[in-house]
Amino acid sequence: MALRCALSMLKQDAEGKDCIERIEKRLHALSYHMRSYFWLDFQQLNDIYRYKTEEYSHTAVNKFNVIPDSIPDWIFDFMPTRGGYFIGNVSPARMDFRWFCLGNCIAILSSLATPEQSVAIMDLIEARWDELVGEMPLKIAYPAIEKHEWRIVTGCDPKNTRWSYHNGGSWPAACIKTGRPQIARQAIDLAETRLLKDGWPEYYDGKLGRFIGKQARKYQTWSIAGYLVAKMMLEDPSHLGMIALEEDKQRKPMIKRSSSWNC
């Protein structure tokens, strides 16, 4: 998103053209890397599950030497046959398979995700509505870290309770951009049953988001602003152009429809 915004701001003079060329080169490489190695759907998960290890030549299929035994058990039940998403991280020998809402929504809004991948992300949200939306949209991450790992990462910070927090305005815009405004509308209808009555709290707790956060402040500006942005986007989708970028036709997608689409 930052690189593409920079392209629209740079002047077409000698200095600007040099930066533009560097950005274009970076965008091509970054887009290919993310679309190829960070994308996960049913077929890709099955391929990783069957990976052989210790492949080191340029023909290696398992390019990051991911060990299949490192795949967490929850992902096999979470991944629907139709749908997909960009995972949290790829590193040597292991992958972070967690779902991060903001990253996937920004991937849609910046057109880092191909049109097919964008639709697959929406398919995933619909297929895993209880896990990702619950009773208060929308989960920042799934699943949350818990127990000993949570204690190490957060230092037992009471403001970072497991299964806390929610996202504001990014996901309604992503729904509209993919032509699925009904998903945003359904989620907002759900939120409206609680937000005003609960005093516009900072966040909610629990796997379903049923409880007002343990230390949530009331009448939070970002909670109110997120709601207003979502409502205005749905009422007038032309506002989407303020925060979304259309696909760059010169940078053709490297991969096609989610391979799980025909399952």
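Author: Let's start with Glu 54, which sits in the loop between helix H3 (42–49) and helix H4 (74–78). Bear in mind that this is a predicted model.

Reader: Why does Glu 54 count as partly exposed?

Author: Buried would need under 20% relative accessible area and exposed over 50%. Glu 54 comes in at 48% relative accessibility, so it counts as partly exposed.

Reader: What about the phi of Ala 93?

Author: Ala 93 has a positive phi too, near 80 degrees, and again the residue is something other than glycine. You'll find Ala 93 in the loop between strand E2 (84–91) and strand E3 (94–100).

Reader: Why is Ala 93 called partly exposed?

Author: Apply the cut-offs again: under 20% is buried, over 50% is exposed, and partly exposed is in between. Ala 93 has 29% relative accessibility, so partly exposed is the label.

Reader: On to the peptide bonds. What makes the one from Pro 137 to Leu 138 stand out?

Author: Most peptide bonds are trans. The one from Pro 137 to Leu 138 is cis, with omega near -10 degrees. Leu 138 belongs to the loop between helix H7 (129–132) and strand E4 (141–142).

Reader: Which form, cis or trans, does the bond from Tyr 142 to Pro 143 take?

Author: Cis, with omega near -10 degrees. Pro 143 is in the loop between E4 and helix H8 (147–154).

Terms used: Residues are numbered from 1 along each chain as its sequence is written. This is a predicted model: local features need pLDDT of at least 70, side-chain atom pairs count only at pLDDT 80 or more; totals for chains, interfaces and linings use all residues. Side-chain values use heavy atoms; hydrogens and water are left out. Helices (H or I, at least four residues) and strands (E, at least two) are DSSP runs, numbered from the N terminus. Buried means under 20% relative accessible area, exposed over 50%, partly exposed in between (1.4 Å probe, protein chains only).
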